[in-house]
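This report describes selected features of the structure shown below.

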Amino acid sequence: MMSGKSFLQKSGPFLLVAPLFLFICLFFIWPLGSVLTQSVSDNAVARLLPETAKVASSWDGESAPGEDLQAAFVTDLRAATDEQAVGDMVRRLNSAQSGFRTLMSKTLRAVQETPEGLIDLVALDRKWSQPQYWKAITDALSPTTDRYLLAAVDLMRNDAGEIVSQPPEQTINVAIFGRTFWISATVTIFCVLLGYPYALLITVATGWKKQALLAAVLLPLWTSLLVRTAAWFILLQEQGLINSALMDLNIIAGPLALIFNRTGVIIAMTHVSLPMMVLPIYSVLLTIPKNLMPAAASLGAHPLRAFVRVLLPLSFGGIAAGSLLVFMSAIGYYITPALIGGAGDQMISSFIAFHAQNSGNWGMASALGIVLLVVTIILYAVYDRLATQRERSA
Amino acid sequence: MKNLFKTAAFGMFALASTAFIAGQANARDLTIVGWGGVAQAAQSDVYFKPFSQKSGKPFLEESWDGGYGVLQAKMKAGAPNWDVVQVEAEELALGCADGLYEKLDWDKIGVKDEFLPEAVNECGAGVYYWSLAMGYDGDKLKDGPKNWVDFWDTKKFPGKRSLRKGAKYNLEFALLADGVKPAELYDVLSTDEGVNRAFKKLDELKPNIVWWEAGAQPVQYLASGEVSIAAVYNGRVTGINKAEGKNFKLVWPESMYAIDSWVILKGAENKDAALDFIAFASQAENQAKLPLKVDYGMPNKKAAATIPPEIDANLPTNPENLKEAIPLNVDFWIDNSEALTARFNAWLAQ
């Protein structure tokens with residue numbers, strides 16, 4: 001009886017957090033782990049060509065390979081019966097060397113027709129005499145690869161295995177990462193500039209005015225992101241409300257280009273993110289004693305000086321929390337740039353989605369995700385460092 | 001402040017996971033996936049609904065805008081939620097080589113002899129021939145463009161252009177605009193210089209291009225005046241002329257044509273019903289009804305022979321329209337679609 005009770009007492013806290021722990025493992029640690037594995041794993045070729053892998057090292061990589069490598073390759077192809085696995089291998093090889101797909105369908109047909117003995121691959125197709133096709137195979141025999149991670153930052157390995165940058169017409173990811181962080185930073189700054197005065201206004205307002213001001217922040221927050229973005233689509237378009245209103249008031253002669261460009265993306269993203277800035281600042285401003293500003297004034301401080309020296313430092317925590325929330329969520333924006341932006345305003349998540357959904361290249365999608373995660377963690381570490389330093393010095 | 005951040009983060013997590021769990025579905029009816037718009041509406045009337053009545057089982061229809069990667073990703077994610085899909089020619093070849101599709105039992109389909117040879121594939125059965133051609137509003141442009149050189153000429157024909165987003169077709173059009181002869185088109189495109197030349201030509205037009213993905217978009221852009229010339233599916237143009245009384249024109253010379261096919265995704269839940277459906281949609285008496293509703297050419301010769309001449313005049317398969325049209329080189333795209341798609345996407349995002 002006693003021991004049972006002490007067991008419950010001991011394990012009670014663990015049992016209480018167990019669901020949470022399970023939840024984190026299932027929805028955070030496990031997916032993250034599988035994303036990590038995806039970004040470096042490359043076994044589509046290796047798992048089907050074990051014999052080839054054994055003799056691959058004997059090949060000099062220069063001329064057409066000897067009979068043993070060709071024979072091992074044919075043996076492996078005969079043993080490979082899982083059509084989908086073969087398809088994965090062909091896809092992987094074709095992405096390394098264009099032309100592999102037609103070559104492989106020819107070869108696979110020949111392998112099916114000749115179940116025994118050697119096949120003269122070179123006679124079958126002249127491509128087999130060219131070393132680059134064999135190089136594509138031997139390069140793909142290692143079960144892990146850094147090609148996706150390198151490609152995620154516009155790098156690649158050349159024939160000698162050195163890391164070099166990709167040809168300029170293919171480089172894209174570094175620019176997209178830069179664009180993603182730049183848009184997020186701009187949105188964050190606009191959110192601070194708009195959100196701080198607004199939060200201050202809510203703090204000083206009373207009665208129904210305060211409720212109305214708060215509702216103006218909360219209602220959009222409770223509305224679906226898609227709906228808010230679609231609303232901006234309607235407002236910003238060429239014949240939209242904003243342009244027609246400005247034209248009716250004779251402020252502008254022709255419609256402003258507000259949609260399918262950066263301006264539209266910044267406007268819509270700022271509006272969508274604003275509640276995440278206003279609420280943290282507001283919650284901090286509430287805790288600052290109301291009599292501090294009059295006290296500063298009574299000591300002769302100009303209102304502006306009192307604001308800069310008293311209110312702003314005290315509310316810095318709210319600004320920092322709001323900025324962090326806005327910036328971090330802005331990095332992952334997908335739907336807003338997709339609807340409001342042009343081809344040159346898409347952020348990294350749309351490219352991750354492209355690789356995951358529209359090209360089936362999960363390795364690349366994972367690698368981009370990993371790079372994004374790492375950069376974000378570094379930025380967070382820098383922020384944390386700055387914040388603690390500030391706290392210490394304060 | 002930190003608490004707030006944490007609460008917000010957990011809230012979003014919880015939300016995301018509920019959405020994920022709610023997304024799981026039960027057993028599903030035969031799902032047929034076409035390309036939407038007028039064509040799918042017509043297919044629904046002459047194939048989907050009659051087939052469903054005949055078999056006594058309900059069906060689901062969805063639409064997509066193509067892209068081999070979409071199918072690849074679907075298959076990679078496990079059991080596909082589509083059964084029959086209408087794919088383009090190179091998607092058929094790619095997926096068949098990669099083992100994404102079921103092999104078709106042509107004995108069960110039963111009309112192999114009636115089909116044109118290129119419409120018969122071990123993984124696919126021909127749906128229809130279609131063209132991607134220049135379209136413009138005949139009321140706005142009296143003397144319209146004649147070829148792709150005109151399409152690129154924004155002085156002669158002011159206004160924006162609309163092209164189908166993707167490498168396929170646009171590289172061809174760019175080379176044609178750059179003076180390459182149709183007969184040499186794919187020889188030029190098979191070289192690195194040729195590809196560079198095509199992208200350089202696309203660069204010229206890039207600021208004036210509005211990209212479309214769904215077939216309905218370019219005709220909308222033409223109707224609203226957002227663009228003055230667009231590359232469009234031929235059936236959409238005659239479709240909007242019929243439905244809304246427009247006077248849109250098609251330019252058949254230098255248009256490019258290809259055939260779409262029905263495929264069954266590998267391991268699809270309703271693959272037997274899917275094959276029955278393909279057999280139904282391949283019969284001459286059923287195929288003969290489709291061109292009466294939308295202007296695409298039929299792969300079943302017996303069906304094609306019954307089409308009234310006034311309708312046949314608008315089909316991509318009409319000899320008059322085929323005279324200067326260019327067939328899509330499927331083999332070229334089988335080998336190069338991945339590399340060129342990657343380059344096109346990089347080019348687009350720059």
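## Burial and strand 5 of chain B

A residue is taken as buried if 20 or more other C-beta atoms lie within 10 Å of its own, with C-beta atoms placed from the backbone. The model under discussion is a predicted one. By this criterion strand 5 of chain B, residues 160–164, is mostly covered, with four of its five residues buried.

Strand 5 of chain B is paired with two other strands of chain B. Four bridges link strand 5 to strand 6 (residues 209–212), and these two strands run parallel; within this pairing, B:Ser162 stands opposite B:Val210. Three bridges link strand 5 to strand 7 (residues 227–233), again in a parallel arrangement. Here B:Lys160 has B:Val227 of strand 7 as its bridge partner.

B:Ile32 belongs to strand 1 of chain B, which spans residues 30–34. Is B:Ile32 buried or exposed? B:Ile32 counts as buried because 29 C-beta neighbours lie inside 10 Å, and the threshold for that class is 20 or more.

When neighbours within four places in sequence are left aside, the contacts of B:Ile32 are B:Phe48, B:Phe59, B:Glu61, B:Asp83, B:Val84 and B:Phe277. For one of these, B:Asp83, the separation from B:Ile32 is 51 residues in sequence, while the C-alpha to C-alpha distance is 6.1 Å.

## The contact between chains A and B

Contacts between the two chains involve 35 residues of chain A and 32 residues of chain B. On the side of chain A that touches chain B, two or more residues each come from helix 4 (83–96), helix 5 (100–113), helix 13 (262–287), helix 16 (316–331) and helix 18 (348–358). Helix 4 of chain A gives the most to this side, with eight residues. By class, the side of chain A that touches chain B comprises 13 nonpolar, 18 polar and four charged residues.

## Helix 18 of chain A against helix 3 of chain B

Two packed helices are described by the angle between their axes and the distance between the axes. For helix 18 of chain A and helix 3 (residues 68–76) of chain B, the axes come within 6 Å and cross at roughly 70°. Angles of 65 to 115 degrees count as roughly perpendicular, and the two helices are therefore roughly perpendicular to each other.

The residues involved divide into three nonpolar and three polar, with no charged residue.

Definitions and conventions:
Residues numbered from 1 in each chain as written. Chains lettered and ligands numbered in written order. Predicted model: local features only at pLDDT ≥ 70, side-chain atom pairs only at ≥ 80, totals over all residues. Contact = placed C-beta atoms within 7 Å. Nonpolar A, V, L, I, M, F, W, Y, C, P; charged D, E, K, R; others polar. Buried ≥ 20, exposed ≤ 12 C-beta atoms within 10 Å, placed from the backbone. Pairing = 2+ DSSP bridges. Axes fitted to C-alpha atoms, helices over the stretch in contact; angles between N-to-C directions. Parallel < 35°, antiparallel > 145°, perpendicular 65-115°, else oblique.
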